[in-house]
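I opened my notebook to look up a few things in this model, one entry at a time.

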Amino acid sequence: MNNALSMTRMRKLTLISGVLAGSTLLAQTNNVAINNNGAAPNTYAILDVQSTGKGVLIPRMTDVQRNAIAAPAQGLTVYVTAPDAEEGFWYYEAGVWTRINPGSPWTLSGNATTVPGTGVGQNYLGTADAQPLVFRTNNIERARLLTTGEFGVGTTTPVEELDVNGAIMLSGTQASAVPVAGTIRYTTYSAVTPIAPFTAYSQTYHEGNLNGTNVGFTGWRKLENDYTEVKGMSYAASGSPVACNPAPASVALGTANGVDATSNITPFANNSATTHRVRHQYLFRPSELDVELNQLFNNPAATQGLCAGAQVASIGFNVIVNPGQKAWAGSVAIKHSSLNALTGAMDNTVDPAGRCVATVGLQPSAGVGWKTYTFPTPFVWDGIRGIVIEVSFAGGISAIANAQVQVTTNTGFNSTAYNHGAAGGTCNGTGACGNVPGLCTNNGVSVIRPVVQFNTNANGVSTAPPGTTSSGDFVNYHGALLVEGNLPWVLPTVLNWSAQSAPYYSFKGPGTIAAQQGIYDDAVRLTDHVFDRHFDGRVMSSDAAEHGTGRNLSIGEMTAHTRTKRHLPTMKGRADWEKSGGFALGDVTNQLWATTETQALYLIDLQERTEGLAVLSGTGPISPTQFEAAKQAVASMGTLTEAEKAVLLDGCKQRISTTTR
């Protein structure tokens with residue numbers, strides 16, 4: 001061995017011996033042992049240090065000194081001393097100093113002997129500083145728990161205790177035997193042995209558990225909403241209350257927003273220098289005549305209309321510019337109409353209740369304002385159908401221009417129809433006081449219509465506060481609503497019927513309401529509607545949907561119906577029985593109820609006519625009430641002309657005595 005080399009090694013050993021005083025240092029070819037028992041180093045350890053009372057100190061420094069190491073080797077380990085906030089063991093790896101956590105790590109295979117809690121020495125998964133706990137997969141953040149307790153899935157900024165950016169899927173049933181209030185589950189409910197009258201069924205839906213103590217508010221309740229929401233839908237509401245004025249009154253129907261003098265619109269027309277024939281019709285829909293319907297569908301600002309059963313004594317047109325009278329013979333008529341709009345062919349139906357007045361000099365001689373035409377007997381509106389005002393006349397050569405009248409510039413439908421005839425022809429309509437229809441040409445229609453004043457006798461004009469229009473949100477439910485009180489549910493398999501009496505669940509299908517407290521029999525609502533219209537002209541709102549368009553037939557119409565159908569108009573026939581497989585007791589009750597009331601009205605009508613005929617056949621003084629009876633009797637005499645009727649009534653008027661009892 002080289003002496004110089006041996007001396008160097010001896011110096012190193014002597015130095016180590018001095019540093020490790022009290023210990024034995026043993027060196028082998030590839031490793032070194034430091035101990036005080038003389039044991040050889042472990043074969044696989046480069047340095048084997050053993051002691052029962054001492055440890056090993058690695059370099060101690062501040063974090064500034066650590067960071068000042070120029071080129072730390074991979075794996076270099078130091079201890080950062082206090083008072084630095086980063087005190088502890090640090091090692092260098094991949095260009096970064098990393099602190100060795102002094103606590104026990106959570107291992108990939110799980111930990112044992114853990115002690116949960118919040119005290120010293122107890123274990124938890126989380127952060128010890130004011131930093132959120134982040135969960136990652138594939139090095140991408142999936143969830144985060146903030147220091148303030150909000151847990152977010154799919155979001156780094158949760159604002160609720162649980163904030164999920166995405167969908168949540170619930171399945172299965174609750175874990176506990178007794179459901180906890182507030183529990184939500186997704187479940188399939190099957191009634192294998194259903195309770196009558198149900199059949200077996202299966203439904204799958206989400207449920208929430210109430211677990212309350214009040215009857216009817218316990219157990220699971222379905223969470224799905226079986227409806228759709230309608231947002232911002234506009235609607236109209238009619239004014240309330242609506243009153244019918246029994247005294248004589250007048251109402252102008254139609255929005256007065258223009259003036260028109262054209263031959264196609266004004267009732268006072270003459271657009272030719274030759275002999276002329278004119279026929280105009282003006283249609284008013286039921287929704288314009290009824291103030292409630294008018295407010296709902298046409299004009300919320302409307303405050304007046306006609307009462308059902310209104311006695312229209314006369315009608316008028318508002319003349320704005322009057323160039324002078326035209327000496328033409330003509331007529332003004334009024335009748336019911338079932339049309340929704342006029343055509344060039346007009347409404348040629350005959351209405352037994354229609355009225356007509358013949359006139360000479362149709363266009364007023366002078367002045368402006370309302371030009372009225374009085375019928376020999378009042379026209380009674382049935383409250384159901386629309387009304388057609390018809391003007392027909394034959395005119396000669398005239399240099400006088402058409403009178404301008406107040407009009408509605410756009411009714412929204414073809415409300416005016418006009419026929420103009422050639423010289424020598426006639427162009428009179430079905431209500432033209434006996435004139436026969438003749439040659440008519442140049443047929444046309446228009447949405448412009450004159451404003452018409454209806455002047456009534458008794459039971460004439462209905463009034464109401466202005467309606468309102470607005471918009472709001474609505475719920476559109478696609479099923480049916482069943483309202484039966486005192487039905488405690490004991491779900492999922494038992495219904496408690498003990499407090500009830502049959503029948504149960506009078507279900508009539510989607511879009512219906514079945515109410516236990518309503519007036520029903522075998523799913524049929526009992527109703528009384530016949531007397532309503534006869535005495536006050538109005539059908540109760542609860543009956544309007546089903547019976548609002550009905551009317552009592554005249555005795556002649558009833559006779560014709562019975563002769564043809566072989567059953568009364570108020571009773572269903574054999575075909576209806578066979579179609580429905582019989583009638584429910586409530587249905588039969590309704591039919592008999594309506595029939596009895598109708599027959600009573602026929603008796604009342606016959607009594608009034610009999611009293612009227614008795615008045616007509618007498619010669620002595622009569623009371624105003626007896627005169628009204630005579631008027632009704634005369635009005636029903638279809639074989640008499642209007643002139644003959646007028647003669648009879650004039651004779652009765654002269655017999656009226658205010659002292660007659």
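**Entry 1: a strand and its partners**

Is strand S26 (residues 404-408) largely enclosed or left open by the rest of the structure, and why? I kept in mind that this is a predicted model. I found that 4 of the 5 residues of S26 are buried, so the strand is largely enclosed by the rest of the structure.

Next I looked up which strands pair with S26. Strand S18 (residues 258-260) runs antiparallel to S26 and is joined to it by 3 bridges. Here I noted Gly 258 opposite Val 407. Strand S21 (residues 311-321) also pairs with S26 in the antiparallel sense, over 2 bridges, and Val 319 stands opposite Val 405. With strand S29 (residues 449-450), S26 makes 2 bridges, again antiparallel. In that pair, Thr 408 has Arg 449 as its bridge partner.

**Entry 2**

I then turned to an open sheet of 3 strands, ordered S16-S31-S20, with antiparallel pairing. Why is one side of S16 and of S20 without a neighbour in the sheet? Strand S16 (243-245) and strand S20 (304-306) stand at the edges with a single partner strand each, so one side of each has no neighbour there. On average, neighbouring strands of this sheet are turned by 35° against each other, direction ignored. I also checked the pairing of S20 with strand S31 (residues 461-463), which is antiparallel over 3 bridges. Gln 304 stands opposite Thr 463 in S31.

**Entry 3: salt bridges**

A reminder to myself: side chains of opposite charge can pair when their charged atoms come close. How many salt bridges does the structure hold? I noted 9, and I followed up some of them.

Glu 207 forms one with Arg 185, and their closest N and O atoms are 2.6 Å apart. This pair links distant parts of the chain, with Glu 207 in strand S13 (residues 201-209) and Arg 185 in strand S12 (residues 184-191), 22 residues apart. Glu 207 and Arg 185 are both buried.

Arg 279 and Glu 390 meet in another salt bridge, at 3.3 Å from N to O. Arg 279 belongs to strand S19 (residues 276-284) and Glu 390 to strand S25 (residues 386-395), 111 residues apart. I found both Arg 279 and Glu 390 buried.

Then Arg 449 came back: its side chain meets that of Glu 288 in a salt bridge (2.8 Å, N to O). Glu 288 lies in helix H3 (residues 286-289) and Arg 449 in strand S29, so the pair ties together parts that are 161 residues apart in sequence. Glu 288 and Arg 449 are buried too.

**Entry 4: two spots at other places**

Which residues form a nonpolar patch on the surface? I wrote down Ile 46, Leu 47, Val 49 and Val 56, with about 410 Å² of accessible area together. Leu 47 is part of strand S3 (residues 47-49) and is partly exposed, at 47% relative accessible area.

My last stop was Gln 626, in helix H10 (residues 624-635). Gln 626 counts as partly exposed, with 30% relative accessibility. A polar atom of its side chain lies 2.8 Å from the backbone nitrogen of Ser 623. I also looked up Glu 608, which is 18 residues from Gln 626 in sequence and 9.3 Å from it in space, C-alpha to C-alpha.

Methods:
Residues numbered from 1 in each chain as written. Predicted model: local features only at pLDDT ≥ 70, side-chain atom pairs only at ≥ 80, totals over all residues. Heavy atoms only, no water. Buried < 20%, exposed > 50% of the residue type's maximum accessible area, 1.4 Å probe, protein only. Polar contact = N/O pair within 3.5 Å; in protein donor to acceptor, adjacent residues only side chain to side chain. Patch = residues over 30% accessible without salt bridge, like charges linked within 9 Å, V, L, I, M, F, W, Y side chains within 5 Å. Areas by Shrake-Rupley, 256 points an atom, 1.4 Å probe, with all protein chains shown as cover. Salt bridge = Lys/Arg side-chain N within 4 Å of Asp/Glu carboxyl O. Pairing = 2+ DSSP bridges. Axes fitted to C-alpha atoms, helices over the stretch in contact; angles between N-to-C directions.
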